[in-house]
Amino acid sequence: MKDKSLISIDDYSKADIINTLDRAEDFERNPHQPLLEGKVIASLFFEPSTRTRLSFESAISRLGGKVIGFASKDSSSVQKGESLKDTIKTVNNYCDLIIMRHPLEGSARYASEVADVPVINAGDGANQHPTQTLLDLYSIRQTQGKLDDLNLFLVGDLKYGRTVHSLLMAMSNFNTTYHFVSPPELRVPEEYKMFLKEKKLKFHEHTDFTDIISDADIIYMTRIQRERFSDPMEYEKTKNSYVLRNSMLEGTKDNLRILHPLPRVNEIHDDVDENKKAYYFPQALNGVYTRMAIMSSILGL
Ligand code: CP
């Protein structure tokens, strides 16, 4: 993984994924390792973020590195018309590694092609969010004790949700059975279903999951991605499709855990938060350990 950009989760083999999770576990046990001393990391966020940006920045600080960058395109020279290429070619001179979130699908791959330093994709439009996936896998392994042979329910916006796309690809390494729960308009794109068919993995599509929730090991709730809709009426039609409530968790498996990449809008009711099966806040903490592991591996440390 040294010097290698992380753009899509399929840039990592199953062995790379396991190595990263093992390394993250080591950082969770012993977070005070000054491995990034003397390193400068650029954090370029052209789209809003709370967890991804701040957990990366927390991970860099805890490892003794320095962060430069911007949290919004409005505070960069993109606002004056500078191209992505020129921004990357410039920032590239100031750092050892670039972390980038951008609204355009494919922008992270493009940045990695023009940069001389490795690039980490922190989300490119509706395409991929590979570091989120690694922390999701870490969370699944921590709560289930394994990654193999699980019933994974993916619920909500499966069309535009980049975390869903990355996670379903990564879990294909582990004999997962998938249950896709979405409104008809927001189904998983065909290319991902083709990918699973080629791997001979089982997937089922549903518009409701109340009758089958007792089969779930992991329920991965997602927000309807308002910012990706070209037609606001479509968003209005689908925005309240699913609300997970505490009462729905009666009779579910003991090992069931509820994950969500966050932010949530209304798809998980607050009354779920106190249930021991709710794991979305510890999941967000796991982002720090996982991102420590990703950055130190890429920098060969
Ligand atoms: N999960 C996630 O990507 O959250 P942010 O948009 O807050 O970074």
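**View 1. Domain 1 and domain 2 bury about 2,500 Å² between them.** In this predicted model, carbon and sulfur atoms give 57% of that buried area. The size of an interface is often given as the accessible area lost when the parts come together. On the domain 1 side, Ile9, Leu21 and Arg51 are the residues to look for: they supply 26% of the area that domain 1 buries against domain 2, more than any other three residues. The domain assignment places residues 9-128 and 287-298 in domain 1, and residues 130-284 in domain 2. Taken over C-alpha atoms, the centres of domain 1 and domain 2 are 25 Å apart. The contact draws 30 residues from domain 1 and 26 residues from domain 2.

**View 2. Charged and polar pairs cross the interface of domain 1 and domain 2.** There are 4 salt bridges across this interface, along with 12 residue pairs in polar contact, both partners having pLDDT 80 or more. On the domain 1 side, the elements that give two or more residues are α1 (14-29), α2 (51-62), β4 (119-124) and α9 (280-298). Helix α1 makes the largest contribution to this side, with 9 residues. By residue type, the domain 1 side divides into 12 nonpolar, 8 polar and 10 charged residues.

**View 3. Nine named residues make up the surroundings of the ligand.** Here you will find Ser49, Thr50, Arg51, Thr52, Arg101, His129, Gln132, Pro261 and Leu262. Which atom of Thr52 lies 2.7 Å from an oxygen atom of the ligand? It is a polar atom of the Thr52 side chain. Pro261 and Leu262 instead use their backbones: a backbone N or O atom of Pro261 lies 2.8 Å from a nitrogen atom of the ligand, and a backbone N or O atom of Leu262 lies 3.0 Å from a nitrogen atom of the ligand.

**View 4. A cis peptide bond joins Leu262 and Pro263.** Its omega is about 5°. For another backbone feature, turn to Asn175, whose phi is near 50°, a positive value in a residue other than glycine. Asn175 is in the loop between α6 (162-171) and β6 (177-181). For context, most residues other than glycine have a negative phi, and most peptide bonds are trans.

**View 5. Arg109 and Asp11 meet through their side chains in a salt bridge.** The distance from N to O is 3.4 Å. The structure as a whole holds 18 salt bridges.

Terms used. Residues are numbered from 1 along each chain as its sequence is written. This is a predicted model: local features need pLDDT of at least 70, side-chain atom pairs count only at pLDDT 80 or more; totals for chains, interfaces and linings use all residues. Side-chain values use heavy atoms; hydrogens and water are left out. Domain bounds come from an automatic or database domain assignment. Contact means heavy atoms within 4.5 Å. Buried area is the accessible area (1.4 Å probe) that two parts lose on being put together, summed over both. A polar contact is a pair of N or O atoms within 3.5 Å; within protein, one must be able to donate a hydrogen and the other to accept it, and residues adjacent in sequence count only if both atoms are side-chain atoms. Helices (H or I, at least four residues) and strands (E, at least two) are DSSP runs, numbered from the N terminus. Ala, Val, Leu, Ile, Met, Phe, Trp, Tyr, Cys and Pro count as nonpolar, Asp, Glu, Lys and Arg as charged, and the others, Gly among them, as polar. A residue is near a molecule or strand if one of its heavy atoms lies within 4 Å of it.
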